[in-house]
Amino acid sequence: MNPYILTTLLFGLGLGTTLTFASSHWLLAWMGLEINTLAIIPLMAHHHHPRAVEATTKYFLAQATAAATLLFASTTNAWLTGQWDVQQMTHPLPTTMIVIALALKIGLAPMHSWLPEVLQGLDLTTGLILSTWQKLAPFTLLLQIQMTNPMPLIIIGLLSTLIGGWGGLNQTQLRKILAYSSIAHLGWMVLILQFSPLLSLLTLLTYFTMTFSTFLIFKVNKATTINTLAISWTKTPVLTALAPLVLLSLGGLPPLTGFMPKWFILQELTKQDLPALATLTALTALLSLYFYLRLSYAMTLTMFPNNLIGITPWRFYSPQSTLPLAVSTAATTLLLPLAPAALALLIT
């Protein structure tokens, strides 16, 4: 892609997200979401591959449906209450419709079915943008909505953790596994959204760090399926040794960074007199942990047969920059000792 066009599209992504961040009016927030969607569509389709075009079409239809629902709900709220302000959602009908529209925007269950199919048709770089940056603006709007009844968000969050864990069990495509991982992690964030917004934000930032590392590891290895992970040991032995730590951090195992937000979320749910919900949510994490362990096994305990044709591509030097990967991998595995500082910030 032409660098000027790429710069313009990335500027559009930043502009749309910033506009949604800064807006207190639903019409401006909707405009920011639309700019965001229109900026990423050329990035998704620029390979001109049939799968990329199909994924772009599915993404456009899902986002257009969510945007139309959001605009209709905000107009209904203005008609019923006379308010266009994002933080003045008092009527339950438009509030529920907006939550459903934003859930469709970011791929929460049960409006999740487009996300694995879209992510499967994209390259890893665009998939990384879709899994991280594109979730910022809708999640910010979710943070600003004050719901009197947290039950819809609890149901959506619990369904997302269940479907995100269950859907990834029988997958062999890495991008689909990452899509179901995204659904499960977003479920954890939405569960705690009404009780502790700062904790949801901490979980989102931690998820971004872990997902950034995972996508870059797969990009360095040029891996798209579980079977192709088996050759990564010969290509990048140090990175392959660190990859299970990144994957287990995504699963939320101590003493890795990913354990911190899940620990805080379970603690907060217990404080809110929801021990059954906390127990069920912790059990759903085991589903996700299974396919992370499966990926770790494929990378570290499976050796691909080394024939002459297979060894040839391993002789070439990779021109990719490894500094972002090194920083994000260190953050993904080593930040748990900062948990007391994070907890102090959440309390204050």
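Ser23 sits in the loop between α1 (3–22) and α2 (26–45). Helices here are DSSP runs of H or I with at least four residues, numbered from the N terminus. This is a predicted model, in which local features need pLDDT of at least 70 and side-chain atom pairs count only at pLDDT 80 or more, while totals for chains, interfaces and linings use all residues. Residues are numbered from 1 along each chain as its sequence is written, and side-chain values use heavy atoms, with hydrogens and water left out.

Ser23 is buried, at a relative accessible area of 4%. Buried means under 20% relative accessible area, exposed over 50%, and partly exposed in between, with a 1.4 Å probe and protein chains only. A polar atom of the Ser23 side chain lies 3.1 Å from the backbone oxygen of Thr20. A polar contact is a pair of N or O atoms within 3.5 Å; within protein, one must be able to donate a hydrogen and the other to accept it, and residues adjacent in sequence count only if both atoms are side-chain atoms. Neighbours within four places in sequence aside, Ser23 is in contact (heavy atoms within 4.5 Å) with Leu28, Ala29, Val86 and Gln144.

**His185**

His185 belongs to helix α9 (residues 174–191). Is His185 buried or exposed? His185 is buried, with a relative accessible area of 6%. The side chain of His185 has a polar atom 3.1 Å from the backbone oxygen of Leu250. Leu250 is also among the contacts of His185 beyond four places in sequence, together with Tyr207, Met210, Lys262 and Tyr292.

**Helices α12 and α14**

Leu250 of α12 and Tyr292 of α14 also take part in the contact between these two helices. The axes of α12 (residues 237–251) and α14 (residues 275–300) come within 9 Å and cross at roughly 180 degrees. Therefore α12 is roughly antiparallel to α14; the cut-off for that term is an angle over 145 degrees. On the α12 side, the contact includes Thr240, Ala243, Pro244 and Leu247; on the α14 side, it includes Leu289, Leu293, Ser296 and Met299. The contact residues divide into 10 nonpolar, 4 polar and no charged. Ala, Val, Leu, Ile, Met, Phe, Trp, Tyr, Cys and Pro count as nonpolar, Asp, Glu, Lys and Arg as charged, and the others, Gly among them, as polar.

**Helix spans**

The expected span is 1.5 Å times one less than the number of residues.

| Helix | Residues | Span, first to last C-alpha | Expected span |
|---|---|---|---|
| α3 (50–81) | 32 residues | 46 Å | 46 Å |
| α16 (323–334) | 12 residues | 16 Å | 16 Å |

Just after α3, Gly82 takes a positive phi of about 75 degrees. In α16, the buried residues are Leu325, Ser328, Thr329, Ala331, Thr332 and Thr333. They pack against α10 (197–221) and α12. The C-alpha atom of Ser328 is 18 Å from that of His185, across 143 residues of chain.

**Backbone features in loops**

A cis peptide bond joins Ala109 and Pro110, with omega about 0 degrees. Pro110 is in the loop between α4 (92–106) and α5 (114–120). The bond from Pro254 to Pro255 is also cis, with omega near 5 degrees. Pro255 lies between α12 and α13 (259–271).

Lys222 is not a glycine, yet has a positive phi of about 55 degrees. Its loop runs between α10 and α11 (232–235), and Lys222 is exposed at 63% relative accessible area. Asp273, likewise not a glycine, has a positive phi of about 60 degrees. Asp273 is in the loop between α13 and α14 and is exposed, at 66% relative accessibility.

Notes: Axes are lines fitted to C-alpha atoms, for helices over the stretch in contact, and angles run from 0 to 180 degrees between N-to-C directions. Angles under 35 degrees count as roughly parallel, over 145 as roughly antiparallel, 65 to 115 as roughly perpendicular and the rest as oblique.
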